[in-house]
Amino acid sequence: MVEKARRQLTLAGNTNQSDPAEWHKLHEVESHLGKCMDARRIGDWKSALREADAAIANGADSSQLLLAMRSESLLRLNKLEDADSTITGLLKLDSASLSSMSTKLSGMVADSYVHVVQAQVNMAFGRFDAAIAIAEKARAIDPANAEVGLILNNMRLVARARAQGNDLFKAGKFAEASIAYGEGLKHESSNPVLYCNRAACWSKLGRWAKAVEDCNEALRIQPSYTKALLRRAASYAKLERWADCVRDYEVLRKELPGDTEVAESLFHAQVALKTTRGEEVSNMKFGGEVEIVTSIEQVRAAIHSPGVTVLYFMATMNQQCAQITPSVDALCSECPSVNFLKVNVDESPMIAKAENVRVVPAFKIYKDGARVKEMICPSLHVLRYSVRHYAVSHS
């Protein structure tokens, strides 16, 4: 509220209590606010975001208007999670000042504009009912504004198309459902939920390339959209685009570490990729336990086989080994394409001697027959990072 701030600073100046630093901050906020509005007017969302952040940094850190402009800019830049968290922070602030502000954006009063942005963020995340309810509040605040009415009407059309699509999909009418979702996209061309829903229709119809296209659009708008990534990975598998399939499932494996279906899908994709490359896959197993080896011949055969092999040297009575062994077992399940071998140095001293192991726990990582990493008493973090690094780089 720069005008009120200027009046207060002027009054303070009349009594020789004005602070030059406060005047400077006022000018900075005013300047950045003006530039933000100008950038928004021409759709320069990067500049709008930069200027909004600068105004907030210079003292306007409780401005719902600026936070709404920041959220809108993030939304247009396809940074949906940041837009949503900004709106969440905005809602914690006192909104009493908004209704008294004379500032308008695109002809909308400030309070109505904030509600419109909030509604658009909800729409992007598929929270259609909440979006419409908030847009209706915006229209109640600013009933004469044509743009608010247009936005509300548009949201209703999108929500109706989505509801029709869902009903048709549930009825097994996948072609009709895809058309319904497409109608929704005519009114809201940057809605990731509608793209993802239509991709599901293409999958049901066996049109895998079309499913990939719609998943690509959904992920372009919302890069962290897990459901779209799952659908794209599955479509890549149907198209036998194994390298792309493995890449998507590796991302999903990190995001959903406890999901056994994702782990198994990744494993099968890795096997298929290696098969198409003519690589040996007989040593690959899904969700197996760490294999115990007792002879030098077993070790040599394993480390010279294609792929990644981890040799774990341990001793039964060693406390550090007792602590890390459960984590090694878990890591074996997490990385199904990696061959894990365990050597008990008490029971197989000749293997330890041949591998020059004097301290346990010790780990040696081999890749395509060559040793690429050796670790003695590593932390669990270092061990997991190293194994995953070589597993990913190999695939």
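I looked up what covers the buried residues of α3, and the cover includes α2 (20–41) and α4; buried means under 20% relative accessible area with a 1.4 Å probe, protein chains only, and contact means heavy atoms within 4.5 Å. The model is predicted, with local features needing pLDDT of at least 70 and side-chain atom pairs pLDDT 80 or more, while totals for chains, interfaces and linings use all residues. Residues are numbered from 1 along each chain, and side-chain values use heavy atoms, without hydrogens and water.

I listed the buried residues of α3: Trp45, Ser47, Ala48, Leu49, Glu51, Ala52, Ala54, Ala55 and Ile56. Helices here are DSSP runs of H or I, at least four residues, and strands are runs of E, at least two, numbered from the N terminus. I checked the span of α3 (residues 45–57): its 13 residues reach 18 Å from first C-alpha to last, close to the 18 Å expected at 1.5 Å a residue, taken as 1.5 Å times one less than the number of residues. After α3 I found Gly59, with a positive phi near 130°.

I turned to the second largest pocket. I noted 22 lining residues, with Arg76, Gln120, Ile151, Asn154 and Glu188 nearest its centre. A pocket is an open set of points on a 1 Å grid where a 1.4 Å probe fits, with protein on both sides within 12 Å along at least five of seven lines, and lining residues have an atom within 4 Å of a point. α4 (64–76), α6 (110–124) and α8 (146–170) each supply at least two lining residues.

Terms used
Buried means under 20% relative accessible area, exposed over 50%, partly exposed in between (1.4 Å probe, protein chains only).
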